[in-house]
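Visitor: I have a few things to ask about this one. Can we go through them with the structure open?

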Amino acid sequence: MGNAFRLLYGKCCKPSTTGDSDSVGPPYTTTAPGVSALAHDLFNFEITSQVPEDLSQHVVSSRKAQVKWYGKLLQAWKEAKPPPKTPEEVARLIVETLSGHRKADVEGLLEFYDLPRPSILEEISTGVPTRLPEGVKFEMHTLPVDGNTVPDGDGLNVYVNTDDPRESSNIPRAVLMAAVRRSKARAKKNYARADELRQKIIESGYQVIDFQNEEILARKCRIRLRGIDAPEMSMPFGKEAKQELAKLVHGKCLRVLAYGEDQYGRCVADIYCNGIFAQEVMLKKGLAWHYVAYDRRVEFATWQKEAQAKRTGLWVQSNPEKPWEWRKKNKR
């Protein structure tokens, strides 16, 4: 049994004063029974590869399909940083992880664990494109994102593993040498020298990140979400837009479909988070405008119109100011 999931289960479910702390049975209690039950079943699945016997009464797909779900959920739970603790967080993890599966199955699984049904199940379509959209130059995947580093409602700061073939061939020699020397300094417990070398790595646009019990050399990448323009932080709903995007990506590994760079050196991209299209979320929740000047995708216009009709987010205002007009007016 993996130590990582043992730790996650332990955080989710608090042991009582009796019983074996490694048990998956009754000694564990929690204020959120649905969270505890799913953690227990995933813990058991990792050991036995068995899903709950009575789950089939709540879903429509076969036992074989259910096994695949639990495999995905187990992996998603392990990768979530921090792990989900509330019923709402667990429900969202299920919906995002099982994106592309039958809606009846997702609803049945939520019902089985007595979890709330997130509005995202109704509002946001799931799944990733089967082929790359026109104009995409390359695809990359990020390390887990720290939501606290999200700058605003249409930008991200992420790190990409340099083990990726696209990255490994472009690492500056100075960065590689600094990483090697830092490892040697740490081995000799010369932590002052190690910190000095780490700072040099950071100044070069890289970072040494602890991921799955190992240190990884990663490149920092600034991303601009393509086709949307969120309110600036000084504008109404600017903070709300930033918070929503941070909540969506925090702790997740993102799929990035890159179109190129903008004038500020940011990677302009479509972002998928466990199958959820980030731009769709922001538009449907009324936390961004369709940036028509740079992207004329019909679905973007449709999602904005839906939010306007529902008076969602910034559309509660009678005449919200466009971010690009605000920037022009407030340009220093």
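Visitor: How do strand 3 and strand 8 pair, and over how many bridges?
Guide: This is a predicted model. In it, strand 3 (residues 138-141) pairs with strand 8 in the antiparallel sense, over four bridges. Phenylalanine 138 has alanine 258 in strand 8 as its bridge partner.

Visitor: Which strand is joined to strand 8 by seven bridges?
Guide: Strand 9 (residues 267-273), and the two run antiparallel. Here glycine 260 has valine 268 in strand 9 as its bridge partner.

Visitor: What sits between strand 8 and strand 9 in the hairpin?
Guide: Five residues lie between the strands, and glycine 265 in this hairpin takes a positive phi near 80°.

Visitor: Is strand 8 mostly covered or mostly open?
Guide: Mostly covered. Strand 8 spans residues 254-261, and seven of its eight residues are buried.

Visitor: Changing topic to charges. How many salt bridges are there in the whole structure?
Guide: A search finds 21 salt bridges.

Visitor: Which residue does lysine 247 form a salt bridge with?
Guide: Glutamate 244, with the closest N and O atoms 3.5 Å apart. Both lie in helix 10 (residues 238-249), three residues apart. Lysine 247 is partly exposed at 48% relative accessible area, whereas glutamate 244 is buried at 9%. The cut-off for buried is under 20%, so glutamate 244 counts as buried.

Visitor: And arginine 297, what is its partner?
Guide: Aspartate 295, with the closest N and O atoms 2.7 Å apart. Both arginine 297 and aspartate 295 are buried.

Visitor: Which residues are linked in a network of salt bridges?
Guide: Asp154, Arg224, Asp229, Glu232 and Arg327.

Visitor: Last topic, the surface. Which residues gather in the patch of positive charge?
Guide: Arg173, Arg181, Lys184, Lys188 and Lys200. Helix 8 (residues 173-187) gives the most to this patch, with three residues.

Visitor: Where is lysine 188?
Guide: In the loop between helix 8 and helix 9 (191-203). Lysine 188 is exposed, because its relative accessible area is 70%.

Technical notes:
Residues are numbered from 1 along each chain as its sequence is written. This is a predicted model: local features need pLDDT of at least 70, side-chain atom pairs count only at pLDDT 80 or more; totals for chains, interfaces and linings use all residues. Side-chain values use heavy atoms; hydrogens and water are left out. Patches are made of residues with over 30% relative accessible area and no salt bridge: like charges are joined within 9 Å, nonpolar side chains (Val, Leu, Ile, Met, Phe, Trp, Tyr) within 5 Å. Accessible areas come from the Shrake-Rupley method with a 1.4 Å probe; for residues, only the protein chains shown count as cover. A salt bridge is a side-chain nitrogen of Lys or Arg within 4 Å of a carboxyl oxygen of Asp or Glu. Lys and Arg count as positive and Asp and Glu as negative; His and the chain ends are not counted. The place of a charge is taken as NZ of Lys, CZ of Arg, CG of Asp or CD of Glu. Buried means under 20% relative accessible area, exposed over 50%, partly exposed in between (1.4 Å probe, protein chains only). Two strands pair if DSSP finds at least two bridges between them.
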